[in-house]
Amino acid sequence: MKKNKILSLHKHDQNNLKMFGRGLITPDELTNRSRIIYRNFSKIVKQYGFPKHNESISEGEIYKASVVLLLHVPVSKMREIYESIKGFKDNELLPQDRAYIVDKMLVISKKRQIYGTQFNRVGNKILFFPIRDEENVNKLRKKINLCTLSQYIKFIKGRRKSVLRENIQ
């Protein structure tokens, strides 16, 4: 039951973003549709807990969908859910997923991000939100199995299939 609900919410979330990107729904429509998704996702997390990465192979897609949904909830809800999962071990919440979550919360709070996961696309340019330690960010990214920022830019522009280092050679 939890699996079907989360996967359904994820599908609706992604469809809404695609429709918005194509100009088929307005920002207000996106916000209203997203609110419903976030409320339902929050209820599921409250009732069943946040899915862990290591629960089982079949649960992997639920975990991934949950991380994406978490990244799309309002920051207050994101903080609340993150508080309940920040103690997860690395095999329960993958370090690279933790990096995206933490960076997004920092950027929304007008603080410098740590791992360089958050950016704005302006035309064909990728502009990263300020990074705490730009000089050493690639070392940090390597430690958690993320590609370098320059490789990430190529990925963002659609040239790469994965941001994990082993998939970018």
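1. Helix α5 covers residues 95-108 and has 14 residues; helices here are DSSP runs of H or I of at least four residues, strands are runs of E of at least two, and both are numbered from the N terminus. From its first C-alpha to its last, α5 reaches 20 Å, close to the 20 Å expected at 1.5 Å a residue, where the expected span is 1.5 Å times one less than the number of residues.

2. The model is predicted: local features need pLDDT of at least 70, side-chain atom pairs count only at pLDDT 80 or more, and totals for chains, interfaces and linings use all residues. Residues are numbered from 1 along each chain as its sequence is written, and side-chain values use heavy atoms, with hydrogens and water left out.

3. Confidence is given as pLDDT, the predictor's score for each residue from 0 to 100. The protein chain averages 89, and 90% of the residues score at least 70. Over residues 164-169 the pLDDT is below 50, yet this stretch has 13 contacts (heavy atoms within 4.5 Å) beyond near neighbours in sequence.

4. Helix α5 is mostly covered, with 11 of its 14 residues buried (buried: under 20% relative accessible area; exposed: over 50%; partly exposed: in between; 1.4 Å probe, protein chains only). Among the buried residues are Tyr100, Ile101, Val102 and Leu106. The buried residues of α5 pack against α3 (60-72), α4 (75-85) and α7 (149-156).

5. Gln96 lies in helix α5 and counts as buried because its relative accessibility is 12%. Its C-alpha atom is separated by 6.6 Å from that of Leu146, 50 residues apart along the chain.

6. Just after α5, Lys110 takes a positive phi of about 65°.
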